[in-house]
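Welcome! Have a look at the picture first, and then read on.

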Amino acid sequence: MDNYFNYFTEIEEHYHRRRGTTLLLSTLDWALIETWKSAGVPLEAVLRGIDEAFDKYDRKPTKTKKVNSLAFCSQAVLTAAEDMKEAAVGAAASEKRQPEPGFDAAQIAAFLRENAERLEKAKLPESAGFSVRALARETATSLREMASGIEGSPKLPRLEDLERRLTVLEEKLFALLMAATPDDDLVDVRAQADRDLAPYRRNMTAAQIEQLHKQYVRKRLLEQSGVPRLSLFYMH
């Protein structure tokens, strides 16, 4: 999965196909996908889990509620991941194949420049001692320099290395964004996370809930300020 940067798109499209209608994924849904990616859950396991959850739902003689969240599939996804992990025990590393990302220099450069523009237009909080806007400008400059370097190189950079650099930039931005956001706003976001997570708590472990809660808060704060996700996983 290290080289597979269509993770989010594949999951979103598969969920839409099984649900039968296009429903915009919620903040909770995107946060859940983020926790799967961070935990190293293979894309195949997520897709299998979605299928299993919907197959079970389809077999119900009566359906009082429609599936309105990807969280409905969370337990099935974790079960599928465990099944795949057990099946892979003893497999030779040489037999493992990873799909190609299929990106070219122009795509990556355009993605980096688009994010630089979005950062410069973001509505960022300011607080004494925390200049989020200054860091956003510095980050935008770095993204444009990366884009120029990629276009001027005869071959693509290692995507894993590029992803690490983007992760560092994003983590610095988010840390400063958290520090500059007023306490009342953070409390409101956390309260919203608690409300959205409430229906699914019984199907998740405490560790899963904690991780999902953190990702939810992170995504909501980034959305509110207009700060883009820099990771290549968000390049469509």
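Let's begin with helix α3 (residues 43-58): its 16 residues reach 23 Å from first C-alpha to last, close to the 22 Å expected at 1.5 Å a residue. The expected span of a helix is 1.5 Å times one less than its number of residues. Helices (H or I, at least four residues) and strands (E, at least two) are DSSP runs, numbered from the N terminus. This is a predicted model, in which local features need pLDDT of at least 70, side-chain atom pairs count only at pLDDT 80 or more, and totals for chains, interfaces and linings use all residues. Residues are numbered from 1 along each chain as its sequence is written, and side-chain values use heavy atoms, with hydrogens and water left out.

**The overall picture**

- The protein has nine helices and zero strands, and from the N terminus on its elements run α-α-α-α-α-α-α-α-α.
- Of its 236 residues, 44% count as buried; buried means under 20% relative accessible area, exposed over 50%, and partly exposed in between (1.4 Å probe, protein chains only).
- Among contacts between residues at least 6 apart in sequence, 80% join residues at least 24 apart, where contact means heavy atoms within 4.5 Å.
- The accessible surface comes to about 13200 Å², of which 51% belongs to carbon and sulfur atoms; accessible areas come from the Shrake-Rupley method with a 1.4 Å probe, and for residues only the protein chains shown count as cover.

**How confident is the predictor?**

- The mean pLDDT of the protein is 84, and 90% of its residues reach 70 or more.
- Over residues 90-101 the pLDDT is below 50, and this stretch has nine contacts in the model beyond near neighbours in sequence.
- As a reminder, pLDDT is the predictor's confidence in each residue, from 0 to 100.

**Buried residues and the core**

- Back in α3, the buried residues are Leu-43, Ala-45, Val-46, Leu-47, Gly-49, Ile-50, Ala-53, Phe-54 and Tyr-57.
- The largest nonpolar core has 72 residues, and Tyr-7, Ile-11, Ile-33, Trp-36, Leu-70, Ile-108 and Leu-112 touch the most other members.
- A nonpolar core is a set of buried Ala, Val, Leu, Ile, Met, Phe, Trp, Tyr and Cys residues joined through side-chain atoms within 4.5 Å.
- Leaving aside neighbours within four places in sequence, Ile-33 is in contact with Tyr-7, Phe-8, Ile-11, Leu-25 and Leu-70.
- In soluble globular proteins, nonpolar side chains tend to be buried together.

**Helix α7**

- The end C-alpha atoms of α7 are 31 Å apart, which agrees with the 32 Å that its 22 residues should span at 1.5 Å a residue.
- Among the buried residues of α7 are Leu-159, Leu-162, Leu-166, Leu-169, Glu-170 and Phe-174.
- The buried residues of this helix pack against α5 (105-121), α6 (132-151) and α9.

**Helix α9**

- Tyr-216 is found in helix α9 (residues 206-225) and is buried, with a relative accessible area of 0%.
- Apart from neighbours within four places in sequence, Tyr-216 is in contact with Thr-27, Leu-28, Ala-31, Val-189, Gln-192, Ala-193 and Asp-196.
- The C-alpha atoms of Tyr-216 and Arg-190 are separated by 8.4 Å, although these residues are 26 apart along the chain.
- His-213 is also found in α9 and is buried at 9% relative accessible area.
- Again leaving aside neighbours within four places in sequence, His-213 is in contact with Arg-190, Ala-193, Asp-194 and Leu-197.

**Salt bridges**

- A search of the whole structure finds 18 salt bridges, each a side-chain nitrogen of Lys or Arg within 4 Å of a carboxyl oxygen of Asp or Glu.
- Asp-161 and Arg-164 meet in a salt bridge (2.7 Å, N to O); being three residues apart in helix α7 (residues 159-180), they are separated by about one helical turn.
- Lys-219 and Glu-223 form a salt bridge too (3.4 Å, N to O), and both lie in helix α9, four residues apart.
- In that pair, Lys-219 counts as buried at 13% relative accessibility, whereas Glu-223 counts as partly exposed at 38%.
- The side chains of Asp-194 and Arg-201 meet in a salt bridge (3.5 Å, N to O).
- Glu-34, Glu-170, Glu-171, Arg-218 and Arg-229 are linked in a network of salt bridges.
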